[in-house]
Amino acid sequence: MKYTVDQRGYYGQFGGAYIPEMLYPNVEELRNKYLQIIQSDDFKKEFQDLLKNYVGRPTPLYHAARMSEKYGAKIYLKREDLCHTGAHKVNNTIGQILLAKRLGKEKIIAETGAGQHGVATATVCALMGMECVVYMGKVDMERQRPNVERMRILGAKVVPALSGSMTLKDATNEALRHWINNPTDTHYIIGSVVGPHPYPDMVARFQSVISEEMKKQLQEEIGNPFPDYVFACVGGGSNAAGAFYHFLDDEHVNLVGVEAAGKGVDSGESAATTALGKVGVLHGSKMLLMQTEDGQVVEPHSISAGLDYPGIGPMHAHLFETGRVKFVSATDDEAMKAGIELGKLEGIIPAIESAHALAALNQFEFDKDDVVVVNLSGRGDKDLETYIRWGKY
Amino acid sequence: MKNRITELFAKKKGNILNVYYTAGFPALNDTVRIAQALEKAGADIIEIGIPFSDPVADGPTIQESNKIALDNGMTLHLLLEQVKEIRKTVSLPIILMGYINPVIQYGVEKFAKDASALGVDGVIIPDLPLHEFEEQYKALFKSLNLCNTFLISPTTSEERIRKIDAATEGFIYAVSASSITGAKGDFSSEQVQYFERLQNLKLKNPFLIGFGISNHSTFAKASQYSAGAIVGSAFINLLREAKDISADVDAFVKSLKK
C-alpha cells in the first residue's frame, strides 16, 4: 500500500504528530495500541456486528438511471446517506468508541462542523452509556440547529466554540484544549482524517468499509470490482478517504476529490485547500493549509458546514502532491443546484457536502460505458433550512 | 559566543522569574517598551510570544492576546525587528515562544539563524516533535548557541523526561498541571508531589515551573522546588488593564518577587 501511512506516521512529507507535550501520552498510547486493538478478532467481531445490525451496512450501491442518462455514463451512488444517523460519520465513531472502551476510557469528546460527526458520536455514546461532550462552532450551531437538538436528545452536552470564525476549526481547537485538561479518562473521537498520527490512519481504516463494499457490489453488479471513477467531497477528507482507500493502488481507477470553492476559488471566501493552501501544521499534523504568508490560518468559507475547514488531512495532501487523486472544486451555487437536481432526478435529497461531489460530474467528459461511483456521504435532512433559504427549486 | 540563558542559570540558582507576554499586545509597538520595563523591574528572563491564530495549548487570556496582536498587524518578521530594537537597551535573556506553523512559513532554519543573530537566546516551540528537533535542527541550534526548551507535564513518563533532558540546552519548562495556560489558584498536593518527583530526578538541566503561576504565593511555592517559575496569563491580564506600562510592570514584578 504505497499511499498509506508509513511506520513513523507520515504520508510523504505530510502527517506526523505536532502536538504539545500535554497531549503526548494520550496520543502515544493510541499509537502503540490502535493497530493491535482494531486487528484483534474480538474487536472485529463487535465492529462488524454493529456495522451490520446497528448502522445498517452494507449500504446500497444504487445505479442511478436518470443521472446516468443525463451525464452519459453509468452512474452509481454509494448510499452512505442511508447509514443510521444519516451519514458515513458513524462508521468511524463506532470504531473509535469500541477502541476507547478497550483503552479503559470513560468519557468521550468530539468536534463537529455540520453536526453529523457530533450526532454520530452522541449516538454511539448513548449506545455504550458513555458521557459525551461535543464542541461545535457557534455559527455552525445556528446553521445546523436540528443536529444540535438531536445531540441533546441523545444525551450529549453541546458546547459552543466562540473563538475564531466559530466553525469547525475552532471547535477542533476547543476539543483539543478539553483533552489537554482531561488527559487520563477521556478519549477524543476525531471525525475526519486529520489530527496527529495515528488519527488520520485510524479514521481512514474505519471508513475504508465504504470502498470495500463498493468493490464487492461492483463485482456482483457488473462483474468487475473496479470502477473508472470514484467521486467524493473533501472537507477534512473522511468520506473520500473511505471511498478511495481500497482503490489507491489500482491506478487505473480515477479518484476525484471535490473541495468546496465557496463563492469561487478566487473570491476570498472559499475552502478549496488544494488550490489555495500551502504546507502547514494545524491540529497536530502537517497538511495542506489555507494560511497567510505569516502562517496564520485563513478562515474558510463554504455553504456546507462539513466542508468549512481550512485544510485537508495528510493522506489527501499526499495524494494531491503525488497526483494519485485529482482535486477539483464546486461552488456553493453549483453544489446547491446539484443537490436539487438529485432530488428531482432520483428522489434523493443529499447533504450539501455530498452535493459538491455531484456538482463536479459535469467537469468531466465520460465515455458512455464508464462506471462512475459517487460517494453520497450524507442525507440532506439537516440542510433543509439552507435549501429553503436558497430557494430556486 | 555566550548564551545569556546558560549564563543566568550558571550564576543564579533560584527564584528565577521568566515573564511571558504576547508580541504586539496590547498595542503593536508595546513589545519593546514591555521588555524594557521588565528588565528595569527585575525580571530574569523575557519570553515573547509569537502570536498564532490557533493557539491550542492556551487558555482564554492568551488566546485573546494572540487575536488582538494579530488584529494589530503583528507578524514574525515584525517581531524580529522589534527584538533588534529591544537589544539596543536590554541585556536580559530573550526567548521567543510560538507554535510551529508561523515558524515553518518563515523557514525553521532561517528563523533560528535570524533570531540568534538579533540576540535571541532561546526558543520554545511546544508543538515541535522531539525527534524532528533532534534529527533536523539540534546541530544547527548548537552551532548558533541557541537554547531550545521543551515542555514536560505531570503525565510525561520518566523515560521521556530523561530523553528531553538530554536534548535540551538551557532549561526545561515544567508545566504545573495537565491543563492549558491560565491561573487556577494554589497548587494541589498532587502538583507538589510532581514537583518533588522532578527535583529527585536530578536532571542535567534546571527546570522552571509554568502554567498557573499568578502571584507571589504560587511563584514562591514553585521556586521552592525548582530554579524558578514562568508567569504568563496573569501578566497578560495586567497588560490588558495597564494605564502606565512602566509603572504597572514594575509593581507587578515586585509583587511577585517581594
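Buried means under 20% relative accessible area, exposed means over 50%, and partly exposed is in between, with a 1.4 Å probe and protein chains only. I start there since these words come up throughout.

This is a predicted model: local features need pLDDT of at least 70, side-chain atom pairs count only at pLDDT 80 or more, and totals for chains, interfaces and linings use all residues. Residues are numbered from 1 along each chain as its sequence is written, chains are lettered from A and ligands numbered from 1 in the order in which they are written, and side-chain values use heavy atoms, with hydrogens and water left out.

Salt bridges, then. The term stands for a side-chain nitrogen of Lys or Arg within 4 Å of a carboxyl oxygen of Asp or Glu. Side chains of opposite charge can pair when their charged atoms come close. Over all chains, the count by this rule is 44 salt bridges.

Take B:Asp121 and B:Arg4, whose side chains form a salt bridge at 2.8 Å, N to O. This pair links distant parts of the chain, 117 residues apart: B:Asp121 sits in the loop between helix 6 (108-117) and strand 4 (122-124) of chain B, and B:Arg4 in helix 1 (residues 4-11) of chain B. Helices here are DSSP runs of H or I with at least four residues, strands are runs of E with at least two, and both are numbered from the N terminus. B:Asp121 is buried, at 2% relative accessible area, whereas B:Arg4 is partly exposed at 28%.

Next, a salt bridge between B:Glu135 and A:Arg8, 2.9 Å from N to O. B:Glu135 belongs to helix 7 (residues 130-144) of chain B and A:Arg8 to the segment before strand 1 (10-11) of chain A, so this pair joins two chains. B:Glu135 is exposed, with 51% relative accessibility, and A:Arg8 is partly exposed, with 47%.

Within chain A, the side chains of A:Lys33 and A:Glu29 make a salt bridge of 3.6 Å, N to O. Both residues lie in helix 1 (residues 24-38) of chain A, four residues apart, or about one turn of the helix. A:Lys33 is partly exposed at 35%, and A:Glu29 is partly exposed at 21%. Also in chain A, a network of salt bridges links A:Asp42, A:Glu46, A:Lys101 and A:Arg102.

Last item: which residues of helix 10 (residues 216-225) of chain B are buried? They are B:Thr218, B:Phe219, B:Ala222, B:Ser223 and B:Tyr225. They lie on the same side of helix 10 of chain B because they cover an arc of only 160 degrees around the axis, taken from the directions from the helix axis to the C-beta atoms.
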